[in-house]
Protein chains: 2
Amino acid sequence: MPEPFFGQIDPPQRLLMGPGPVNVHPRVLRAMSADMLGQFDPEMTEYMNQTMALYRQVFMTANRWTFLIDGTARAGIEAAMVSLVEPGARILIVRAGRFGLLLSEIAERIGADIRTLDLEWGEVATPEAIEAAIVAHRPAVFACIHGDTSTTMAQPLEGVGEICRKHGVLSYVDATATLGGMAVDVDGWGVDVVTGGLQKCMGGPPGSSPITISDRAAEHIFRRRHVESGIRAADATDGIGARIGSNYFDLAMVMDYWSEKRLNHHTEATTMLYGARECARVMLEEGLGTRFARHRAASAAVTAGLRAMGLNVFGQDAFRMTNVTGVWIPEGVNGDAVRARMREDFEIEIGTAFGPLAGRIWRIGAMGYNAMKHKVLHTIGALDTVLAGQGYAVRRGEGVDAALAAWNATLRDAA
Amino acid sequence: MPEPFFGQIDPPQRLLMGPGPVNVHPRVLRAMSADMLGQFDPEMTEYMNQTMALYRQVFMTANRWTFLIDGTARAGIEAAMVSLVEPGARILIVRAGRFGLLLSEIAERIGADIRTLDLEWGEVATPEAIEAAIVAHRPAVFACIHGDTSTTMAQPLEGVGEICRKHGVLSYVDATATLGGMAVDVDGWGVDVVTGGLQKCMGGPPGSSPITISDRAAEHIFRRRHVESGIRAADATDGIGARIGSNYFDLAMVMDYWSEKRLNHHTEATTMLYGARECARVMLEEGLGTRFARHRAASAAVTAGLRAMGLNVFGQDAFRMTNVTGVWIPEGVNGDAVRARMREDFEIEIGTAFGPLAGRIWRIGAMGYNAMKHKVLHTIGALDTVLAGQGYAVRRGEGVDAALAAWNATLRDAA
């Protein structure tokens with residue numbers, strides 16, 4: 001046997017309470033162990049259609065164009081941006097964290113005319129500020145992040161779609177970190193394109209990005225359609241808009257593949273499709289309301305537990321994502337040492353941070369299959385022990401008590 | 001429970017003898033059922049490093065930069081193209097099938113200066129023709145497909161890397177359809193960048209694209225490095241080359257993520273990584289020589305079986321891919337009806353075709369976990385029955401006899 005060679009895959013049974021990926025629901029992993037189908041076999045195209053129907057419910061939308069991008073959540077973001085935003089077109093981007101910066105980074109590569117609404121990390125934009133910026137900049141596209149894990153804040157989006165439509169602006173929202181945990185109310189918000197991921201609140205693995213597209217955005221994208229020559233029909237006509245800069249992320253061609261045309265593009269990532277489908281089934285079986293309440297309970301429990309231990313929670317409660325909580329690393333405590341002890345002694349992972357918050361906050365996630373009472377309690381309990389071991393004057397036991405009480409109170413209120 | 005809702009995933013147990021995807025090795029599916037790790041957990045980064053070491057052996061290379069692109073094989077192709085080819089740079093592309101056309105389609109979107117070596121579908125380029133085209137066009141990059149499933153032909157690549165280096169040209173080869181089935185001799189060929197997929201001869205699912213990059217190509221790509229602002233260090237300096245047009249496919253950033261820097265980019269698709277790792281383990285355990293001989297035996301058996309049935313095999317034997325065989329649909333036989341009967345009566349899928357060969361040939365694959373004696377014999381036997389049922393004057397039983405004899409003879413010669 002050649003060298004080097006390695007043994008069977010055998011990851012530790014670790015509880016992932018960071019900003020994602022998190023532990024995958026066992027039903028999703030089992031669904032992913034099913035064997036392949038031919039990509040145009042009727043059972044395969046039926047699974048694709050079912051996945052579209054399931055994700056319409058996940059995205060709370062009637063959008064026909066609701067499907068998967070084959071790649072991680074970032075692939076969905078790039079597909080949306082490169083297909084919506086033409087080179088030279090003006091885009092207005094809310095930047096209040098790392099992923100807002102990612103949007104403008106992608107827009108730069110597209111060659112867009114970029115205007116930004118810049119906020120401190122941890123702030124959110126008001127609808128009034130968004131409308132004022134739209135009036136001032138007259139963009140073709142408005143883009144923002146729903147829940148930015150880098151800041152743990154969720155941008156309120158009620159009314160934002162309406163504002164955009166009033167001013168003739170297409171809107172794009174990335175909901176990677178909130179989809180499946182908080183309401184991603186696509187039709188209620190009235191936004192045009194929304195992307196997500198599986199590895200946060202959907203309880204799946206990274207590698208597939210659900211996307212939904214309104215009819216008016218699809219029309220805009222189809223105007224940019226240029227079918228590749230290897231598969232184009234003799235009578236094919238191309239769109240009049242600027243050709244989309246990417247082949248892989250050309251949503252016009254990807255939609256043709258997911259439509260009854262079944263025009264070949266990539267080969268759909270079958271195993272990830274099986275996983276995405278099962279993530280949605282698990283979610284819909286639980287029910288959206290129940291699921292969102294469970295995430296709210298987890299968030300309430302984490303924040304109550306941290307505060308009872310004497311720690312300061314990052315950001316404003318009113319805009320907190322319900323699936324990840326930032327907490328200031330106390331003076332004199334080594335953040336990396338705490339994370340190492342959590343992992344090595346308790347097999348629990350909590351997250352570090354990026355940019356201006358790097359080394360200053362931890363991020364504790366409780367999402368998808370991990371937004372569960374016992375997992376939150378074990379995490380707070382472990383942190384209690386680890387902080388005490390690091391010499392921090394923790395009020396022993398109070399964190400777990402408070403977390404348990406907050407969990408129960410939240411679900412009682414929701415019932 | 002909301003509507004519509006659907007049952008558990010439960011695909012038919014179909015034998016996929018088309019151009020891919022094919023049935024996945026059961027060990028790969030089992031490996032993919034392992035749970036997540038945090039993306040920077042030491043066990044996760046160790047699995048990433050192991051995967052790099054395993055794919056160096058798969059690609060027969062010492063290239064440090066050997067890793068995975070998160071997306072289907074087409075994602076690897078676009079990552080290679082967009083990172084190697086600057087807007088306005090000249091590229092020479094061999095076009096002898098659908099995937100050669102895909103390369104020029106991607107190059108157009110990049111805004112490259114495209115020159116082509118165009119051949120009939122089914123032809124391959126000689127080294128002399130390649131060198132003459134390089135001398136005539138003086139490209140910065142040369143690109144071609146190793147095995148183009150649309151034509152079932154494999155482009156010979158011995159000496160091509162040397163020709164490119166002599167003329168100061170960077171070279172790129174897509175080996176999606178051959179990796180794991182035929183020798184993809186990256187260092188022997190002397191080519192710079194090679195991409196692959198899992199869903200053909202590697203015996204895995206679509207959704208991950210292995211890639212290998214020579215040091216000189218990596219240096220070229222790093223000259224185009226622009227780290228995104230959400231994660232850049234205060235003292236970061238950008239490259240002097242034209243910024244890569246895609247963030248997701250920016251190989252400079254992807255290499256930074258796979259290096260000891262571990263600079264965050266996407267979240268590695270953990271389940272697909274587990275699968276890719278196991279595909280390589282299965283292959284290396286079998287041994288490259290044994291595995292390539294097994295594919296040669298399958299190809300010999302398929303072609304002998306088809307010919308013994310009185311069918312005409314497409315293309316030249318000397319340049320045939322050993323994992324997929326084109327065969328002319330006989331006069332008076334309905335190609336789609338045959339494929340339907342194969343699928344519905346025998347649960348066996350054989351492939352249709354694209355472009356100028358659409359409706360004219362079938363494509364019969366025998367690759368990865370399906371390049372097995374019994375699977376080839378069942379397929380030829382089923383085709384015998386189906387063709388007879390369609391009124392074609394097949395010489396009953398002779399196809400299976402000839403396939404079995406050819407399989408045994410090939411492996412005897414290889415021993």
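**Strand pairing and the A–B interface**

Colleague: Which residue is the bridge partner of A:L92 in β4(A)?

Modeller: In β4(A), A:L92 has A:R115 as its bridge partner. This is a predicted model, in which local features need pLDDT of at least 70, side-chain atom pairs count only at pLDDT 80 or more, and totals for chains, interfaces and linings use all residues. Residues are numbered from 1 along each chain as written, chains are lettered from A in the order written, and side-chain values use heavy atoms, without hydrogens and water.

Colleague: Why are β3 (residues 90-95) and β4 (residues 113-118) of chain A said to pair?

Modeller: Pairing requires at least two DSSP bridges between strands (DSSP E runs of at least two residues). β3(A) and β4(A) share six bridges in the parallel sense, so they pair. β3(A) also pairs in the parallel sense with β5 (residues 141-145) of chain A, over three bridges, where A:L92 stands opposite A:F142.

Colleague: Why is the contact of A:E105 with B:R243 called a salt bridge?

Modeller: The term requires a side-chain nitrogen of Lys or Arg within 4 Å of a carboxyl oxygen of Asp or Glu. For A:E105 and B:R243 the N to O distance is 2.7 Å, so the pair qualifies. Between chain B and chain A the count is ten salt bridges.

Colleague: What makes up the interface of chain B and chain A?

Modeller: 86 residues of chain B are in contact (heavy atoms within 4.5 Å) with 86 residues of chain A. The chains bury about 7400 Å² between them (accessible area lost, 1.4 Å probe, summed over both), 56% of it on carbon and sulfur atoms. On the chain B side, B:F6, B:I9 and B:R109 lose the most area, together 11% of what that side buries.

Definitions and conventions: Buried area is the accessible area (1.4 Å probe) that two parts lose on being put together, summed over both. Helices (H or I, at least four residues) and strands (E, at least two) are DSSP runs, numbered from the N terminus.
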